[in-house]
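Please read these points with the structure open beside you.

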Amino acid sequence: MQSKILFWLRKKKIQFVVVIFFLYHAIFNSFTGQFLLNQLYPKFLQDGSLKANVSGLSLFYGLTIEDIKLFNANRFTPNTVFSADKIILGYNLPAVIWGRLRVGEIGLYNAKIHLIQENGIWNWQDILVQSDTSQESEKLIEEKDESNEDSNSLPLPIPISAYIKIAIENLDFRLEKRDPLNPVDLGFKSADLKLDLDSFRTTNIPYNLSAIDLIDSIHMELNPNDPILVWYKDKNLEFESPLDSHISIHTDRSESQLSLESKMNIGGKELMIRRKGKQALVLSAYLRYAIDFIPVENKILLENLDLHFQGDQWLQAQGEILNPDSSNRSVNIRLSESNINLDKLSRFLEELPITPMKLGGMIHLSPLHVIGPSNDLNLDWQAQARNIFYRSGKQEHSSKYVDLDLLARLDLDSEENPTAADPIPILKRLDIRNLRAEYNDLTANLVGYASSDSGIDLNLVLDKMNLRTFLSTLGGFLSVRGKVTGYDFSDLKLDFELNLQSFRFMLDRSQSGTSHSKAKIGSNLKFNHPFGLSEVKDTKLTLSTKNNSNLSAIDLIAKPRLFLEDKFLIQVDSLNLGINLTHLIPILPLYLREKVAPVESAIGGKIDLAAKGIFDISKKEYKLNLNGTIPGLELRDLSCDTSIKLKAESKFGEAIELEQLKIRAYGGSLGLDASGLLYEKKSAVKPPIGPYFGNLALKLFLKSNIEKYIAKGLTYRGDLYLDAKILDKDLVGEVISNNTKIIYNNGRCPGDNCKLFLVENLNADISIQHDLSQNTTIPLIDGDKARFIKTYGRLGRDNLTIHQVLGSHPSIVDAPFVYVKGQGNYPGLTSRVQYKENYLFIDGLKLSLLDGTVYGKDILVNIGSTDLAKMEYMATLQLRDIDLRQLLSVNAQKSIDDGKIKADLNISGNNLSDPIPNMDLYFSIFQIGRDFGKSALNVISTKGAIMNFITDSYAVDKVEVELSKGLVYADVLFKKSILSYMVALEDNKITQQRMPLANFLKRAESEISTYR
């Protein structure tokens, strides 16, 4: 009974296995594979077709496809993009059970690839379905990077070894670019590749080059049998020749014995390059080497490494590696010959249709000898180059010589990780016995050593560096002397001296003067990881610049520090800058001289500045403290404190937060305070401050409770300030003055040249509103000026008053004179002033002077965009009972019977950058004394007997002067008398037409001189 049961079970098992066997082969066979291929390929092909036969399909062992042809649509001829006799993807899935990942074969046999580009389109583009996978690829890369941040290898769940076999036989490749202007045809035929790779069993796959250590054996052969046919054709060149490109590598690191064999032979001795309309070029160029392992002697032998070009031995090396599979391996490799003749290379390149260039000179890279055990390897190298030059277009470079002589000791077995102190652990010592070179007359010399034991000591000398060689807008010669020392690479000390002679530069097509500069730089460099600069400290920079007369123009001493470890911060502990503008101006180009010369005239020739600050680039926070002296302005206590932050508060861009701007001068009497925000925003209005709108508070003041000497003869007491805000694009605020007193003394009193002025009780309360974004000036003729002039009966209070103005008499030495005269508590000058919408308007002006009164109304200045060339102005003045006799000397006053005048003045104009030709003036004197009337007549008429008679006989009734476009038109009208009937004057007047203003002023000056 038991035997029957066992028989039944065995029978069932056999039937089950048979069923599984037939079911597996019913699903995985060539017919199923063909069906799946026919169903799937249309989903991946857009405008093309595929013909192929699936000859084998196995779930466990792979896939074989034969007679493959991939066609394009009929746009291209021929329309076959890819064809092959056979493609094999073979693997052994059951081997994974034993920890073996085996790719039995990836094979490509008798394949042909033909790529064509026509009208900017490739033949393969129409075949494949286009899809945008760039974003998905980026996401996959980001995810991979994130997953690899904390890991240096890929862990495997079980120990696995891998075997891969790749076989490519008789591969043809052709690429055609069918461009009528620049056709290209290139390719090769009959390429072969065989690769077998086997690895050790492992549980981790490193992400770095150490993964090579997992390889147990490699057997690779590229084109082992015959040369391949290679060709290249374009409209100018044609190259078609068999090319020997044999490369073989065989290694085996099994426990029993190491095996290694590698050979390469690429190139040929007679490679023909045919040229259109020219004789064919014969190129001789090849690279060969052979590496063999000799088991008896346990060494790897480099039999010969040859690189030849046109008959020259560019490189020839040979050597050996002893005990390569042990820890005491040693190397002996010598580069015995190297003769690189650039003249031959140049002659070859000149025959090719490429950008014209000229090369020349000789380079010798030998001798180079590498010898010693791998943990103490010596590299001894002497190389040289002579008469090297390169010329292409306008570029030209040349070097008469380059000499290199160095000795290095290496530890190739070092497993130490790079550190800040030792960033290259394999380098034990480097001795640069000599490195000297010449380049376009620049000479360089470097000697010294770098050692993990003895530290670093390098000395650099650069001389005769012509700056014009590197930049055409610069001229001069730079020399550098430098030294780098340190105990190790984590702490280096730099000492450099720079000497720049005969320096000149171009700016805005203007050539600068000649200057000579010397600089010294000393600093300590701190590194916290290999070649990772973390701090620059103990830095001292000195700079001295002199003009061609050897006079000092700029002197600088600075002590900055730089922090880079966890932030980017520049700290300036001290900076002292001395500038002599008088000596600097001859150095500057004409473009800058025109700008600096007025500054020198205004503030003097000497400026001394001292600064310190912290500039945190990481946090975008900047603080600066500046102190200075300007002797020309008698300013010895200038101070400026600034604190700025860059913020991203604005949704449209970056914002600048001005935490503090504090400027003080003259003992705190003069100052400026500012704070607020500058920000970017989208607006149709042009930003008023560069690219920014503003929200700033400003206060500019001059104050002193007592009479205090300020500078340049100016004494001050009072409280005068501008209190304003910048709101978006508008500057709004007020100008305030409280009982201000101003005294000016030119320091030459008493005496003929004494100039003394006193302004008493200046009071003001003027509101201002200015549109900073306005970039045009609306002409007054187009604008509605009536809105300023019309008051509709509502007159504001006077907001600008001056009690009196005293000064030196214009004609009497050391005598006082009242220019503006107050009456008791009533000020001598009063007016109503307002500034809004970029217009300055003054009305109700009343000025008491010379025992008379000047009235002003409708005084309007169109500021607009603040462009002087576009500014406009207009004014109406009335002069009543002004006694001009008071301006004369005592004797002259006695000769004048009546010095009072009454007059009206209308003036208007534009273009304040050139005001005289653009001024229109009408001056009507309707009351004038006899003596001044004669003077007016003398100014506009030519003296003579008749004119003297008229002057003595007639009384002037009225004088009218008009200025237009630089020309003066004048009429002198006379009062009627008995003589009017004896000497007839047309209309009782004398007229002068179109007198140039210069002549008019010259005559006026001559007439005024008669009263002195």
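The numbered points below concern a predicted model.

1. The pocket. The largest pocket has a volume of about 1,100 Å³. Its lining is made up of 34 residues. Those nearest the centre of the pocket are Leu 884, Phe 923, Ile 925, Ala 1004 and Ile 1008.

2. Where the lining comes from. Two or more lining residues come from each of the strands β48 (900-910), β49 (919-928), β50 (956-964) and β51 (967-974), and likewise from the helices α10 (930-940) and α12 (997-1009). Which element gives the most? That is α12, with six residues.

3. How do the lining residues of the largest pocket divide into nonpolar, polar and charged? There are 28 nonpolar residues, three polar and three charged.

4. Ile 842. This residue belongs to strand β45, which covers residues 839-849. Leaving aside residues up to four places away in sequence, Ile 842 touches Ser 831, Arg 832 and Val 833, and also Lys 857, Asp 858 and Ile 859. One of these, Asp 858, is 16 residues from Ile 842 in sequence, and the two C-alpha atoms are 6.4 Å apart.

5. Asn 625. Strand β34 (residues 621-630) contains Asn 625. With which side chains does the side chain of Asn 625 make a polar contact? One is the side chain of Asn 627, at 3.0 Å. Another is the side chain of Asp 641, at 2.3 Å. Asp 641 is also among the residues that Asn 625 touches, not counting those up to four places away in sequence; the others are Ala 610, Ala 611, Lys 612 and Cys 640.

Note on methods. Residues numbered from 1 in each chain as written. Predicted model: local features only at pLDDT ≥ 70, side-chain atom pairs only at ≥ 80, totals over all residues. Heavy atoms only, no water. 1 Å grid on protein atoms, 1.4 Å probe; cavity = no way out; pocket = protein on both sides within 12 Å on 5 of 7 lines; lining within 4 Å. Points joined across faces, edges and corners; volume = space filled by probe spheres on them. Helix = DSSP H or I, 4+ residues; strand = E, 2+ residues; numbered from the N terminus. Nonpolar A, V, L, I, M, F, W, Y, C, P; charged D, E, K, R; others polar. Contact = heavy atoms within 4.5 Å. Polar contact = N/O pair within 3.5 Å; in protein donor to acceptor, adjacent residues only side chain to side chain.
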